[in-house]
Amino acid sequence: LPSSHATTCSTRLTSKCMTSGTHTTRAVTDARIPDGRQHQKMTSWASMRYAVVDVEGNGQQPPDLVDVAVVPVARGIIGPVASWLVKPSRPVSRIAARIHGLTNEDLAAAPAFADIESEVREALDADVLVAHNAHVDVGVLRRHLGGGSASRSWTLSNSPGGCCRAR
């Protein structure tokens with residue numbers, strides 16, 4: 001988005017934020033959330049590093065990765081896309097191929113995940129991971145990355161959508 005893009009939003013009727021380019025201000029009242037919790041001050045989104053991620057699987061259970069894409073966002077600036085095709089250890093199902101368009105033939109010359117793992121870990125090194133279907137994407141990434149630093153500290157939020165925080 002261009003830096004001149006501005007958005008105003010209101011959530012829970014007690015919190016408002018204004019975003020203009022890479023600067024965010026947030027005002028929070030002392031009102032309580034209906035379930036009794038107190039509002040907490042929020043860190044400016046622009047001060048955090050994000051990794052926006054999407055993964056595609058082979059349709060098997062549990063799924064093997066066939067495609068990983070990561071877009072970094074730092075200080076409110078969208079960085080270059082990093083994307084990898086991955087040769088899965090098991091074949092791509094016909095249903096999965098219809099969803100993402102990748103076939104076993106498309107992936108025949110792709111590297112195994114072990115060959116790109118360090119690049120993926122580096123791309124995922126962020127304060128917050130953002131994904132459309134975070135619980136599925138994070139589960140697949142955790143299984144493939146094991147206990148390394150890029151996977152062991154992701155905490156899924158309870159919010160709808162897809163965000164998890166690195167701790």
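From the N terminus on, the protein chain reads β-β-β-β-β-β-β-α-α-α-β-α-β-β. That makes four helices and ten strands. Helices (H or I, at least four residues) and strands (E, at least two) are DSSP runs, numbered from the N terminus. The model is predicted, so to speak of local features takes pLDDT of at least 70, and side-chain atom pairs count only at pLDDT 80 or more, while totals for chains, interfaces and linings use all residues. Residues are numbered from 1 along each chain as its sequence is written, and side-chain values use heavy atoms, with hydrogens and water left out.

Start with strand 4, residues 49-57. Strand 4 pairs with strand 5 in the antiparallel sense, over nine bridges. Two strands count as paired if DSSP finds at least two bridges between them. Within this pairing, Val-53 stands opposite Val-70 of strand 5. Strand 4 also runs parallel to strand 8, joined by four bridges. There Tyr-50 has Val-128 in strand 8 as its bridge partner.

Next, the packing. Of the 167 residues in the protein chain, 34% are buried. Buried means under 20% relative accessible area, exposed means over 50%, and partly exposed lies in between (1.4 Å probe, protein chains only). In soluble globular proteins, nonpolar side chains tend to be buried together. A nonpolar core is a set of buried Ala, Val, Leu, Ile, Met, Phe, Trp, Tyr and Cys residues joined through side-chain atoms within 4.5 Å. The largest such core has 21 residues, and Val-53, Val-68, Val-70 and Leu-124 have the most contacts inside it. Strand 4, strand 5, helix 3, strand 8 and helix 4 each give two or more residues to this core. Helix 4 gives the largest share, five residues. A second, separate core has six residues, among them Val-66, Val-92, Ala-96 and Ala-97.

Now the charges. Side chains of opposite charge can pair when their charged atoms come close. A salt bridge here is a side-chain nitrogen of Lys or Arg within 4 Å of a carboxyl oxygen of Asp or Glu. By this rule there are three. One joins Asp-127 to Arg-49, with the closest N and O atoms 3.8 Å apart. Asp-127 lies in the loop between helix 3 (113-123) and strand 8 (128-131), and Arg-49 in strand 4, so the pair ties together parts 78 residues apart in sequence. Asp-127 is partly exposed at 25% relative accessibility. Arg-49 is partly exposed too, at 35%.

Another salt bridge links Arg-90 and Asp-64, with the closest N and O atoms 3.0 Å apart. Arg-90 sits in the loop between strand 7 (82-85) and helix 1 (94-100), and Asp-64 in the loop between strand 4 and strand 5 (65-74), so this pair ties together parts 26 residues apart in sequence. Arg-90 is partly exposed, at 27%, whereas Asp-64 is buried, at 11%.

Glu-117 and Arg-121 also meet in a salt bridge, at 2.9 Å from N to O. Both lie in helix 3, four residues apart, about one turn of the helix. Glu-117 is partly exposed, with a relative accessible area of 21%.

Last comes empty space. Rolling a probe the size of a water molecule over the atoms shows where empty space is left. A pocket is found on a 1 Å grid over the protein atoms alone: an open set of points where a 1.4 Å probe fits, with protein on both sides within 12 Å along at least five of seven lines. Lining residues have an atom within 4 Å of a point. Grid points are joined across faces, edges and corners, and a volume is the space filled by probe spheres set on the points. The second largest pocket holds about 300 Å³. It is lined by 18 residues, and Val-55, Glu-56, Gly-57, Val-136 and Asp-137 are the closest to its centre. Strand 4, helix 1 and helix 4 (134-145) each supply at least two lining residues. Strand 4 gives the largest share, four residues. The lining divides into seven nonpolar, eight polar and three charged residues. Here Ala, Val, Leu, Ile, Met, Phe, Trp, Tyr, Cys and Pro count as nonpolar, Asp, Glu, Lys and Arg as charged, and the others, Gly among them, as polar.
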